[in-house]
Amino acid sequence: PHFDRIGGQFRRILTEHAGLTRKSRILDVGCGTGRLAKALTGAVHSYSGLDVYPAFIDYCRANYRDQDFTHADVRHDEYNPGGALDPATYELPYPSRSFDIVCAIALFNHFTTPWVFQYIRQISRVLRPKGILVATFLLLNK
């Protein structure tokens with residue numbers, strides 16, 4: 001129930017604040033076990049999920065068959081320590097200007113600053129003109 005409730009909340013946020021429609025093309029970077037994929041099933045033109053953790057991608061492919069899931073073999077100490085690709089130079093495997101909305105929910109919490117900058121550059125590249133990035137950040141301050 002919590003999984004579905006949070007997915008539904010993000011769907012509402014995308015609809016109200018990012019202009020989500022049935023014609024939208026969505027990229028979910030750091031898709032995890034598909035919380036957003038499940039919430040958007042049948043609601044958008046296309047959904048693509050990307051994650052560095054192979055087990056998450058396997059789970060999503062088995063449970064959400066109408067969407068596209070890609071394993072990014074990016075090195076990450078916790079989720080993919082043997083990854084072949086450097087996160088500071090990684091290029092998203094999608095054509096430029098191919099998504100209306102890119103989601104990065106709790107993604108940057110797991111990154112160093114150079115990785116964040118590289119992913120932001122790549123997200124900017126794959127977003128269509130006037131496309132929107134919806135991201136959450138963990139803020140640590142006094």
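A residue is termed buried when its relative accessible area is under 20%, exposed when it is over 50%, and partly exposed in between (1.4 Å probe, protein chains only). The structure examined here is a predicted model, in which local features need pLDDT of at least 70 and side-chain atom pairs count only at pLDDT 80 or more, whereas totals for chains, interfaces and linings use all residues. Residues are numbered from 1 along each chain as its sequence is written, and side-chain values use heavy atoms, with hydrogens and water left out.

Helices (H or I, at least four residues) and strands (E, at least two) are DSSP runs, numbered from the N terminus. In helix α1, the buried residues are I6, G7, G8, F10, L14 and A18. The elements that cover these buried residues include α2, β4 (99–104) and β5 (127–135), where contact means heavy atoms within 4.5 Å. After α1 comes G19, with a positive phi near 75°.

Empty space in the model was examined next. Rolling a probe the size of a water molecule over the atoms shows where empty space is left. On a 1 Å grid over the protein atoms alone, a cavity is a set of points where a 1.4 Å probe fits but cannot get out, while a pocket is an open set with protein on both sides within 12 Å along at least five of seven lines; lining residues have an atom within 4 Å of a point. Grid points are joined across faces, edges and corners, and a volume is the space filled by probe spheres set on the points. The largest pocket holds about 500 Å³ of space. It is lined by 29 residues, of which G30, C31, G32, D51 and I105 are the closest to its centre. At least two lining residues come from each of α1 (2–18), β1 (25–29), α2 (35–40), β2 (46–51) and α4 (113–126), and α1 gives the most, with three. The lining comprises 18 nonpolar, seven polar and four charged residues; here Ala, Val, Leu, Ile, Met, Phe, Trp, Tyr, Cys and Pro count as nonpolar, Asp, Glu, Lys and Arg as charged, and the others, Gly among them, as polar.

The cysteines were then considered. With a disulfide taken as a pair of cysteine sulfur atoms within 2.5 Å, the count is zero. C31 is in no disulfide, and the nearest cysteine sulfur, in C60, is 4.5 Å away. C31 is buried, with a relative accessible area of 6%. C103 is also buried, at 1% relative accessibility; its sulfur lies 11 Å from the closest cysteine sulfur, in C31, and this is too far for a bond.

S48, in strand β2, is buried at 9% relative accessibility. Apart from its neighbours within four places in sequence, S48 is in contact with I26, L27, D28, D68, Y94 and F99. A106, in the loop between β4 and α4, has a positive phi of about 60° although it is not a glycine, and is partly exposed at 30% relative accessibility. K130, in strand β5, likewise is a residue other than glycine with a positive phi, near 70°, and is exposed, with a relative accessible area of 84%.
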